[in-house]
Amino acid sequence: MFLMLVGGAPGGCAGGIKVTTLLVILASVRAHLRGTEHVTMFRRSVPAGIVRRSYLLATLSFIFLTIVISGLLLTEEQRPVSDIRSDRYMLLAFEAVSAFGTVGLSAGVTAGLSAAGKFLIIACMLIALWTGRKPTRKTYRMVSFYLAGWADEQELQAHVEKLNRQEVAETTA
């Protein structure tokens, strides 16, 4: 599940928090343990803003997954144990992390989920697929508004296009 959560490289189509985010966090931990203020990777300094963004991204991802897994545990609590095997926490966590990382693997319990459970799995996948990058707080809100019927498809598409323009600006700068 850890590899599904981390995902692939930034240029790839894999979801997750991305390998570079994990490497920046690990380099930051290494710098802290060495007692230095500056984070370096491959003899290059990593700006403090990138380090903060990496920690924020990982934290938001963990919070979102915690909410989804908790939601799955609550919505599937009423189901008989025979429907979802006794190791249901691991199975539901596997489903959530797989959906969040857009991995495509399943533990085989998705078909037995309640409507609310399926909604949570779908929300995980849609956030990663619609944005093509890790979601921001505004993206979480926009997807929630869209799924609740408070925002239409044009508003959601406009939000995704704005994110894409920002990403292009960041890569060319």
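A crossing of two helices is called left-handed if the near helix is turned anticlockwise from the far one by less than a right angle, and right-handed if clockwise. In the predicted model, H2 passes H3 in a left-handed crossing. Helix H2 spans residues 19-34 and helix H3 residues 48-75, and their axes come within 9 Å and cross at roughly 115°. Because angles of 65 to 115 degrees count as roughly perpendicular, H2 and H3 are roughly perpendicular to each other. On the H2 side, Thr21, Val24, Ile25, Ser28 and Val29 take part, and they meet Ile50, Val51, Ser54, Tyr55, Leu57 and Ala58 of H3. The contact of H2 with H3 comprises 8 nonpolar and 3 polar residues, with no charged residues.

H3 also packs against helix H4 (residues 88-100), at an angle of about 135° and with the axes 9 Å apart. H3 is therefore oblique to H4. The crossing of these two helices is right-handed. H3 contributes Ser61, Phe64, Leu65, Val68, Ile69, Leu72 and Leu73, while H4 contributes Arg88, Tyr89, Leu92, Ala93, Ala96, Val97 and Phe100. By class, the contact of H3 with H4 holds 12 nonpolar residues, 1 polar and 1 charged.

Two or more lining residues come from each of H3, helix H5 (115-131) and helix H6 (137-148). The lining of this pocket has 13 nonpolar residues, 1 polar residue and no charged residues.

Conventions:
Residues are numbered from 1 along each chain as its sequence is written. This is a predicted model: local features need pLDDT of at least 70, side-chain atom pairs count only at pLDDT 80 or more; totals for chains, interfaces and linings use all residues. Side-chain values use heavy atoms; hydrogens and water are left out. Axes are lines fitted to C-alpha atoms, for helices over the stretch in contact, and angles run from 0 to 180 degrees between N-to-C directions. Helices (H or I, at least four residues) and strands (E, at least two) are DSSP runs, numbered from the N terminus. Angles under 35 degrees count as roughly parallel, over 145 as roughly antiparallel, 65 to 115 as roughly perpendicular and the rest as oblique. Contact means heavy atoms within 4.5 Å. Ala, Val, Leu, Ile, Met, Phe, Trp, Tyr, Cys and Pro count as nonpolar, Asp, Glu, Lys and Arg as charged, and the others, Gly among them, as polar.
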